[in-house]
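I am opening a notebook on a structure that is new to me, and I want to write down what I look up as I go.

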Amino acid sequence: MHGIGHLVIDKIKFGNRHEAVSNVNKAKKLSLEIIVMLTDIKNMATIINNNSKSVF
């Protein structure tokens with residue numbers, strides 16, 4: 001994610017709007033994938049805790 005952010009900044013600095021927008025879209029897609037993974041982890045932890053077990 002951070003690497004893509006730096007790419008976007010560089011593309012903007014050099015006036016390459018098309019590549020900047022393309023990289024922003026990639027970052028958005030990755031962000032959504034990360035949110036899904038974190039939600040899955042949260043749901044798994046909740047299930048484990050509800051079964052009187054500890055995640056830690």
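Entry one. Is N16 buried, partly exposed or exposed? I keep in mind that I am reading a predicted model. N16 counts as partly exposed, because its relative accessibility is 26%, and buried would require under 20% while exposed would require over 50%.

Entry two. I then looked up where N16 sits, and I found N16 in the loop between α1 (2-13) and α2 (17-50). I also checked N16 against M1, and noted that the two are 15 residues apart in sequence and 19 Å apart in space, taken from C-alpha to C-alpha.

I checked the accessibility of both partners: K11 is partly exposed, with a relative accessible area of 22%, and E19 counts as partly exposed at 33% relative accessibility.

Another salt bridge joins the side chains of K29 and E33, where I read 3.9 Å from N to O. I noted that K29 and E33 both lie in helix α2, four residues apart, which is about one turn of the helix. Which of the accessibility classes does K29 fall into? K29 is exposed, because its relative accessible area is 53% and the exposed class begins over 50%, whereas E33 is partly exposed, with a relative accessible area of 34%.

Technical notes: Residues are numbered from 1 along each chain as its sequence is written. This is a predicted model: local features need pLDDT of at least 70, side-chain atom pairs count only at pLDDT 80 or more; totals for chains, interfaces and linings use all residues. Side-chain values use heavy atoms; hydrogens and water are left out. Helices (H or I, at least four residues) and strands (E, at least two) are DSSP runs, numbered from the N terminus. Buried means under 20% relative accessible area, exposed over 50%, partly exposed in between (1.4 Å probe, protein chains only). A salt bridge is a side-chain nitrogen of Lys or Arg within 4 Å of a carboxyl oxygen of Asp or Glu.
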